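Hi,

Here is the structure I said I would pass on. Have a look at it first, and then read on for my notes.

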Amino acid sequence: MSETAARPLRADAERSVRAILEAAERVLSADPGASMEQIATAAGVARTTIHRRFAHRQALIDALASSAARQLVQAVEDGRPDTAPPQVALHRITANVLEVKGAWAFALELPADPGSEAAALHEHIGRRCITVLERARAEKLIDEAADLHWLRRVYYALLGESLRGNPDDADLDTDALAARIIDTLLRGAGPRG
């Protein structure tokens with residue numbers, strides 16, 4: 001766990017860390033080999049500020065992955081997976097996740113080290129996804145024989161394809177993309193009955 005997660009930060013230090021992480025996302029998205037100095041410049045802080053917060057580059061990358069994963073968890077929870085009607089929860093979660101994944105694409109593509117905070121958060125997200133799919137199955141939105149773990153993988157693939165972008169989708173907002181994903185997930189490409 002990073003030093004920044006070990007103890008609460010003052011408000012100015014928290015803003016500084018947030019600026020560093022946002023800059024790291026932008027800079028590393030463009031150049032995964034970018035230096036700490038390049039990230040510091042983009043964040044508008046001294047290189048020593050980064051080194052004071054993150055002992056080394058990997059500590060910064062770990063913090064970036066954890067921060068993005070925490071935002072993804074919040075996006076899922078904001079969709080009310082336990083209480084909203086399943087189709088509404090799926091739509092809200094999908095729209096929220098598209099927003100977060102769009103803003104933190106580099107960080108969320110990083111492989112999470114086993115035992116890391118980011119890995120634990122991604123496992124939590126996977127369980128929450130299964131929870132919503134179970135609720136959708138109970139409401140007969142999903143066939144009772146469907147393999148929910150496979151369906152989760154299909155859902156993740158649909159999210160990924162939507163995030164890669166397509167010129168035909170340029171006019172679609174996150175709600176329209178979410179609706180397309182959920183429609184495809186629940187109804188596939190079969191004829192409408």
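Predicted model: local features only at pLDDT ≥ 70, side-chain atom pairs only at ≥ 80, totals over all residues.

The average pLDDT over the chain is 89, and 91% of the residues score at least 70. Helix 8 (residues 117-138) is where confidence is highest, at a mean of 96, while helix 1 (residues 3-6) is where confidence is lowest, at a mean of 48. Residues 1-5 have a pLDDT below 50, and that stretch makes seven contacts in the model beyond near neighbours in sequence.

The C-alpha trace spans about 65 × 35 × 25 Å along its principal axes.

With 22 residues, helix 5 reaches 32 Å from its first C-alpha to its last, close to the 32 Å expected at 1.5 Å a residue. After helix 5 comes R80, which has a positive phi, near 55°.

Two of the helix pairs I looked at involve helix 5:

- Helix 5 with helix 8. Their axes come within 8 Å and cross at roughly 20°. Angles under 35 degrees count as roughly parallel, so helix 5 is roughly parallel to helix 8. The crossing of helix 5 past helix 8 is left-handed. On the helix 5 side the contact is made by A65, S66, A69, R70, L72, V73, V76 and E77, and on the helix 8 side by E117, A118, L121, H122, H124, I125 and R128. By class, that contact has eight nonpolar, three polar and four charged residues.

- Helix 5 with helix 2. Helix 2 (residues 11-30) and helix 5 (residues 57-78) pack with their axes 10 Å apart, at an angle of about 100°. That value makes helix 2 roughly perpendicular to helix 5. Helix 2 brings I20, L21, A24, E25 and L28 to the contact, and helix 5 brings R57, L60, I61, A63, L64 and S67. The residues of this contact divide into eight nonpolar, one polar and two charged.

Helix 8 also turns up in a pair with helix 6 (residues 86-103): the two axes come within 9 Å and cross at roughly 150°. Helix 6 is therefore roughly antiparallel to helix 8, and helix 6 passes helix 8 in a left-handed crossing. P86, A89, L90 and I93 of helix 6 make the contact with V132, L133, R135 and A136 of helix 8. Those residues divide into seven nonpolar, no polar and one charged.

One last item, away from the helix pairs. Where does V45 sit? V45 is in the loop between helix 3 (36-43) and helix 4 (47-53). Leaving aside neighbours within four places in sequence, V45 is in contact with S16, I20, A40 and I50. I20 and V45 are 25 residues apart along the chain, and their C-alpha atoms are separated by 7.9 Å.

Cheers

Notes:
Residues numbered from 1 in each chain as written. Heavy atoms only, no water. pLDDT = per-residue confidence, 0-100. Helix = DSSP H or I, 4+ residues; strand = E, 2+ residues; numbered from the N terminus. Contact = heavy atoms within 4.5 Å. Axes fitted to C-alpha atoms, helices over the stretch in contact; angles between N-to-C directions. Parallel < 35°, antiparallel > 145°, perpendicular 65-115°, else oblique. Nonpolar A, V, L, I, M, F, W, Y, C, P; charged D, E, K, R; others polar. Left-handed = near helix turned anticlockwise from the far one by under 90°. Expected span 1.5 Å × (residues − 1).
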